[in-house]
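Here is a short report for a reader new to this structure. Look through the sequence and the model, then read on.

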Amino acid sequence: MKRQLRLKKRASFQYVFRKGEKAGAPDLLLLSARSREGLKIGLSVSKRVGNAVTRNRVKRLLREAILPLENNIEKKFMYVIVAHPSLAGKSYAEVCRQVRLVFERAGRLTC
RNA sequence: CGAGUUAGCCGGGUUGUCGCGUGAAAUAUCUGAGGAAAGUCCGAGCAUCAAUGGGCAAGAGUGCAAGCUAACUACUUGUGAAGGCGACUUCAAGGACAGUGCAACAGAAAAAUACCGCCUGAAAUUUUCAGGUAAGGGUGGAAAGGCGAGGUAAGAGCUCACCCGCAAAUUGGCGACAAGGCGCGAUGUAAACCCCACUCGAUGCAAGAUCGGGAGCAUGUGCAGCCCUAGCGCUCCCCACAUCGCUUGAGCGAUAUAGCGAUAUACCGCCUAGAUAGAUGGCAACCGAACACAGAACUCGGCUUACAGACUAACUCGUGAU
RNA sequence: GGAGGCAUAGCCCAGUUGGUUAGAGCGCUACGUUGACAUCGUAGAGGUCAUAAGUUCGAGCCUUAUUGUCUCCA
């Protein structure tokens with residue numbers, strides 16, 4: 001995941017959490033809100049998911065899962081992916097499937 | 001062969017491909033988490049606080065000895081005590097004749113005392129008063145050495161034998177201490193206050209430095225817990241998170257020498273993360289298995305806690321065979 | 001990353017020089033009062049004092065380690 005595509009500012013995160021449209025999967029939540037500066041994706045993995053090692057593991061899997069979809073996601077939005085505690089320990093294939101599912105449900109995939 | 005003790009070490013590797021951070025460089029390459037990175041329990045560097053320069057007070061910490069270290073309350077080797085058949089392990093281990101406090105309930109009495117009892121004397125007529133005593137009774141975690149004999153009105157280390165504890169001279173050891181035993185018989189508690197000895201200024205990289213704007217007081221009765229000397233205008237708010245601090249350091253590894261050891265010295269070699277929504281991952285294959293605990297955030301030295309499995313060495317006890 | 005506090009009944013809290021069997025309020029249960037309920041009255045149950053070691057004759061209290069939880073520093 002390229003650095004320019006990352007959502008960084010705390011204010012932006014709070015804007016997405018407040019105004020974003022929600023779409024769900026068993027272990028994921030996707031929030032999307034209109035963006036001024038193009039595609040931005042942020043990850044939110046809280047301490048309830050686990051210790052530092054499992055949180056890092058979850059974030060890496062999510063980044064790898066987004067990678068193949070990058071060109072198909074609609075560009076005018078900011079996204080935040082929230083991981084549920086049950087996501088810890090899931091395999092890469094499962095995470096990949098859920099990420100794809102959640103973007104499809106939100107209607108942000110242009111094929 | 002079985003059971004155990006101690007010390008050390010590893011805790012994934014290789015290849016392909018798709019990606020991420022940093023540096024050099026200009027598209028291909030180099031490099032990229034731990035033994036505990038964790039807890040933040042100690043000790044340092046570094047930075048700021050009026051120079052925290054000298055002294056004092058308050059407060060805090062440590063508490064057998066010698067050594068080691070940049071430093072330490074850590075570590076090493078010993079001493080003593082406790083545990084274990086043993087190899088070995090564990091220990092905040094100074095002082096209770098400087099002083100104060102506390103020891104509930106029970107008990108006469110908790111540091112000096114006399115309820116029952118024993119003995120003597122007086123009154124009185126089988127009880128009361130005065131004195132002596134600490135053998136016996138009962139209480140308690142603990143009752144002022146234990147037990148026997150002498151002795152006595154009754155008794156008592158009052159005297160003696162044996163034992164227990166403390167302990168002077170002397171001897172050995174750098175020392176803690178050990179041997180020794182003149183003499184003595186002292187309740188416990190200092191992880192209660194305290195005394196003695198030694199150590200410590202406070203805050204912490206969200207420290208702090210550079211850059212912008214504004215307000216109040218003021219040139220000395222101002223700025224530190226207090227004093228001395230030196231120095232300086234003092235106090236506060238807002239914005240911003242850019243750059244520096246940020247990684248070559250009491251650094252790591254091998255060898256030799258000294259030492260029981262912690263460690264020190266010499267010489268050679270190496271450069272080994274530096275992020276800032278926060279970099280190590282996905283897929284595939286192979287190795288006998290990789291299935292544990294777990295992710296750097298200024299940096300080091302220790303301690304403590306978590307941990308699948310693999311390996312090495314030394315030693316102890318038991319059993320059997322020779 | 002750094003600094004500090006707290007943990008006692010189902011809930012909110014007391015518990016001081018360490019001392020007999022740890023308390024109060026709300027809630028809960030039973031009985032009484034009422035035609036029935038609320039209120040009220042009486043009685044009762046409910047505690048590994050977060051966990052583990054240690055000091056002490058004796059720890060909720062003192063010491064050390066561990067666990068959980070909360071607050072502050074942008």
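## Overall shape

What radius of gyration does chain A have, and what would a compact globule with 111 residues have? Chain A has 13 Å. A compact globule with 111 residues would have a value near 13 Å, so the two agree. Along the principal axes, the C-alpha atoms of chain A fill a box of roughly 35 × 30 × 25 Å.

Buried residues account for 24% of the 111 residues in chain A.

## Confidence

This is a predicted model. The average pLDDT of chain A is 79, and 95% of the residues score at least 70. Both ipTM and pTM are 0.73.

Helix α1 (residues 10–19) has the lowest mean pLDDT among the elements of chain A, at 75. Helix α3 has the highest, at 86. Where pLDDT is low, predicted coordinates should not be read in detail.

## Order of the elements

Chain A holds 3 helices and 4 strands. Read from the N terminus, they follow the pattern α-β-β-β-α-β-α.

## The sheet

In what order do the 4 strands of the open sheet stand? The order is β1-β2-β4-β3, and the pairing is mixed. β1 (21–25) and β3 (40–44) each have a single partner strand, so they stand at the edges and one side of each has no neighbour in the sheet. On average, neighbouring strands are turned by 20° against each other, direction ignored.

Helix α3 (residues 92–106) packs on this sheet. The helix touches β1 and β2, and its direction makes about 140° with that of β1.

## Strand pairs

Start with β1 and β2. They form a hairpin, with 2 residues between them. The two strands run antiparallel and are joined by 5 bridges. G24 has L29 in β2 as its bridge partner, and K22 has L31 in β2.

Strand β2 (residues 28–34) also pairs with strand β4 (residues 77–83). This pair is antiparallel too, over 7 bridges. Here L28 has A83 in β4 as its bridge partner, while S32 stands opposite Y79 in β4. In a regular strand, side chains alternate between the two faces of the sheet.

## The nonpolar core

Which residues have the most contacts inside the largest nonpolar core? They are L28, L30, L62, Y79 and V99, in a core of 23 residues. The largest share, 6 residues, comes from β4. In soluble globular proteins, nonpolar side chains tend to be buried together.

Leaving out residues up to four places away in sequence, L62 touches L43, I81, A83, V95 and V99. A83 is the bridge partner of L28, and V99 is one of the residues with the most contacts inside the core.

Definitions and conventions: Residues are numbered from 1 along each chain as its sequence is written. Chains are lettered from A and ligands numbered from 1 in the order in which they are written. This is a predicted model: local features need pLDDT of at least 70, side-chain atom pairs count only at pLDDT 80 or more; totals for chains, interfaces and linings use all residues. The radius of gyration is taken over C-alpha atoms; the globule rule is 2.2 Å times the number of residues to the power 0.38. A residue is buried if 20 or more other C-beta atoms lie within 10 Å of its own, exposed if 12 or fewer, and partly exposed in between; C-beta atoms are placed from the backbone. Two strands pair if DSSP finds at least two bridges between them. Axes are lines fitted to C-alpha atoms, for helices over the stretch in contact, and angles run from 0 to 180 degrees between N-to-C directions. Two residues are in contact if their C-beta atoms, placed from the backbone, lie within 7 Å. pLDDT is the predictor's confidence in each residue, from 0 to 100. A nonpolar core is a set of buried Ala, Val, Leu, Ile, Met, Phe, Trp, Tyr and Cys residues joined through C-beta atoms within 7 Å.
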